[in-house]
Amino acid sequence: MQSAVFVKKVSRIFLLSAIALLVCGFVCSPAHAEIAILMEEPYGTFGHMNPTGHAAVYLNHICAATPIELRPCKPGEAGVVISRYHRVAGYDWVAIPLIPYLYAVEKTSQIPVSATADDEAHLRDAYRRRYLSDMIPDGPNGAMPAGDWTQLVGASYDRKIYGLNLRTSAEQDAAFIAIFNDRSNTGKFHILYRNCADFSRTVFDIYYPKSIHRNFIGDAGIMTPKQAAKSIVKYGKKHPEVSLSAFVIPQVPGTIQRSRHIDGVTEAVVKSKKYVIPLTIIAPEVTGAMAITYVTKDRFTFPTGAPVLSGSALVKAETSGTNSLTAPVPGAPPIVSPATTPDSAPAATPAPAAKQTQ
């Protein structure tokens with residue numbers, strides 16, 4: 001028991017030392033406004049049945065005035081994650097600050113070295129009670145409510161996340177804020193044609209029109225997080241001026257089940273016995289065509305060598321601490337270790353049946 005406590009203390013000291021080195025070591029690096037697609041691994045029962053995962057958008061120079069209203073960031077703020085959700089207070093999209101979105105805490109110094117399911121639930125509910133109680137009220141007898149709102153905070157306890165950045169401008173950010181603050185924000189989720197990846201495509205269209213597109217062959221026209229990421233990689237290669245870069249946010253260590261490999265629609269069918277065997281019996285020609293499509297046209301590998309960033313490192317790497325409308329301040333990406341790509345990652349153990357999330 002004492003050795004475990006010692007290891008945890010050493011890990012905490014190491015993390016805080018790393019933060020100090022980041023602050024001191026990159027004081028001359030410029031920072032830029034960026035938009036990132038977040039391709040998040042699936043988990044839980046729904047993730048086992050539908051392994052396409054979740055898509056969100058991170059904007060490092062835009063912040064949340066409220067969960068449903070955007071504003072330019074102030075000095076020291078880390079930006080916002082915005083995504084489409086299903087059955088969250090009737091809204092179509094919700095915006096959450098970066099660190100709470102990933103870790104359900106407000107400061108990087110509060111991020112736990114490891115976490116259990118109970119830790120995750122406690123941190124999420126504490127954040128909800130403090131900042132989201134108007135949207136997500138208490139359950140019966142003041143208990144933590146059930147529902148999909150849990151996807152708003154603490155994503156990194158459940159998922160490994162892959163990010164792809166594109167450079168943006170202050171003018172683009174200002175236009176995006178004006179558009180989204182003025183548009184209707186009523187729930188529109190539909191898993192086939194108005195899902196989280198469709199929302200990400202809509203956001204990127206405001207910055208870079210047609211940068212994300214559907215795959216009518218590989219995904220039967222259904223927008224998926226993997227297709228969104230694949231589109232961004234292609235767009236970045238065709239337009240070097242947007243300075244495409246990649247990063248990986250690891251799942252927080254602990255006893256929480258590890259998230260699963262991300263698949264597209266055809267890929268999920270071809271690689272899963274529970275789908276491919278019945279389909280082969282019913283329609284062997286269709287199954288064969290899907291297999292050929294996956295092998296020849298639908299494969300995607302996340303950029304190799306992407307930096308793996310912890311919470312504190314991500315803030316220093318991906319944000320400037322100020323909005324580009326004012327002045328840049330220091331920030332630079334430390335490389336922790338080579339990233340494991342989605343296509344090369346080993347299959348994870350299926351998550352427990354209790355979680356019904358994307």
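Reader: Which residues does Ile-82 touch, not counting residues up to four places away in sequence?

Author: Ile-82 touches Ala-56, Val-57, Leu-59, Leu-70, Trp-93, Val-94, Ala-95, Phe-176, Phe-180 and Phe-199, where contact means heavy atoms within 4.5 Å. This is a predicted model, in which local features need pLDDT of at least 70 and side-chain atom pairs count only at pLDDT 80 or more, while totals for chains, interfaces and linings use all residues. Residues are numbered from 1 along each chain as its sequence is written, and side-chain values use heavy atoms, with hydrogens and water left out.

Reader: And how many residues are in the largest nonpolar core?

Author: The largest nonpolar core has 41 residues, and Leu-59, Leu-70, Ile-82 and Phe-176 have the most contacts inside it. Such a core is a set of buried Ala, Val, Leu, Ile, Met, Phe, Trp, Tyr and Cys residues joined through side-chain atoms within 4.5 Å. Buried means under 20% relative accessible area, exposed over 50%, and partly exposed in between (1.4 Å probe, protein chains only).

Reader: Turning to cysteines, which ones does a disulfide join?

Author: Cys-63 is joined to Cys-73, at 2.1 Å from S to S; a disulfide is a pair of cysteine sulfur atoms within 2.5 Å. The link is right-handed, with 95° about the S-S bond.

Reader: Where do Cys-63 and Cys-73 lie?

Author: Cys-63 lies in strand β3 (residues 62-66) and Cys-73 in the loop between β4 (69-72) and β5 (80-84), so the pair ties together parts ten residues apart in sequence.

Reader: Is Cys-63 buried or exposed?

Author: Cys-63 counts as buried at 4% relative accessibility, and Cys-73 is buried with a relative accessible area of 6%.

Reader: New topic: how many aromatic pairs are found in the whole structure?

Author: A search finds eight. Rings of Phe, Tyr and Trp (its six-membered ring) pair if their centres lie within 6.5 Å; planes under 30 degrees apart count as stacked, over 60 as edge-to-face and the rest as tilted. The rings of Tyr-208 and Tyr-235 have centres 5.7 Å apart and planes at 50°, so this pair is tilted.

Reader: Which residues form one aromatic cluster?

Author: Trp-93, Phe-176, Phe-180, Phe-199 and Tyr-207 do.

Methods:
Helices (H or I, at least four residues) and strands (E, at least two) are DSSP runs, numbered from the N terminus.
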